[in-house]
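I set out to look up the charged pairs, the open space and the nonpolar packing in this entry. My notes follow in the order in which I took them.

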Amino acid sequence: MNPIKTDKITGAAVINRNLSKKRRTEVFRQEALKASEFKYKAVVKQSMEAIYFFDPHTQKVIEANDTFFKYTGYSTKDLNKLKLYDFVNHPPDNIDKYIGDILKKSKVNIGERSWKNKNGKLLSVLVSGSALKLNDTCL
């Protein structure tokens, strides 16, 4: 409240801001974000393609879908220690080269590659990679 003054106080000015519209807008945005996240997770989880996210600096797999686990024989329990070098059946310098290409170009069609599942069985897979930014961190 701001007093209105001349020689003496003659009134007051009150400024109100309707926050309910602002709050409704924020709630709507949060709900839209949750719905979008739900759709994204459903698509990734239910995909027939093996999808995984990894940290390009440590080569650690951060998250993967069920198809990835089915192909590789690894499980969610293995995620805290699983690295690309564990299942991509190519020399580390070759893997690192493709990681660098993905970071430079954002999207790379790598082509046919060899994976090795947890039991040592070799798999032939077609691979493409994309750099994703999440909170200024590249995945």
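**Notebook: salt bridges, pocket and core**

I began with D78, which is buried, with a relative accessible area of 7%. I use buried for under 20% relative accessible area, exposed for over 50%, and partly exposed in between (1.4 Å probe, protein chains only). The model is a predicted one, in which local features need pLDDT of at least 70 and side-chain atom pairs count only at pLDDT 80 or more, while totals for chains, interfaces and linings use all residues. Residues are numbered from 1 along each chain as its sequence is written, and side-chain values use heavy atoms, with hydrogens and water left out.

**Entry 1. Salt bridges**

I looked up the salt bridges and found four in the structure. The term denotes a side-chain nitrogen of Lys or Arg within 4 Å of a carboxyl oxygen of Asp or Glu.

Which residue forms a salt bridge with D78? I noted K118, with the closest N and O atoms 3.2 Å apart. K118 is partly exposed, at 45% relative accessibility. K118 lies in the loop between β5 (107-116) and β6 (122-130) and D78 in the loop between α2 and α3 (84-87), so the pair ties together parts that are 40 residues apart in sequence. Helices (H or I, at least four residues) and strands (E, at least two) are DSSP runs, numbered from the N terminus.

I next recorded the salt bridge between K45 and D66, at 3.1 Å from N to O. This pair links distant parts of the chain, with K45 in helix α1 (residues 19-46) and D66 in helix α2 (residues 66-72), 21 residues apart. K45 is partly exposed at 48%, and D66 is partly exposed at 43%.

I also recorded D101 and K97, whose side chains meet in a salt bridge at 2.8 Å, N to O. Both lie in helix α4 (residues 92-105), four residues apart, about one turn of the helix. D101 is buried at 13%, whereas K97 is partly exposed at 45%.

**Entry 2. The largest pocket**

I read the volume of the largest pocket as about 740 Å³. On a 1 Å grid over the protein atoms alone, a pocket is an open set of points where a 1.4 Å probe fits, with protein on both sides within 12 Å along at least five of seven lines; lining residues have an atom within 4 Å of a point. Grid points are joined across faces, edges and corners, and the volume is the space filled by probe spheres set on the points.

I found 27 lining residues, of which A50, Y52, V127, S128 and G129 lie nearest the centre of the pocket. The elements giving two or more residues to this lining are α1, β3 (52-54), α4, β5 and β6. The largest share, six residues, comes from β6.

**Entry 3. The largest nonpolar core**

Of its 20 residues, F68, L84, F87 and W115 touch the most other members. At least two residues of this core come from each of β4, α2, α3, α4, β5 and β6.

What does F87 touch, not counting residues up to four places away in sequence? I listed Y52, V61, F68, T72, Y74, L82, S114, W115 and K116, with contact taken as heavy atoms within 4.5 Å.

Note on methods:
A nonpolar core is a set of buried Ala, Val, Leu, Ile, Met, Phe, Trp, Tyr and Cys residues joined through side-chain atoms within 4.5 Å.
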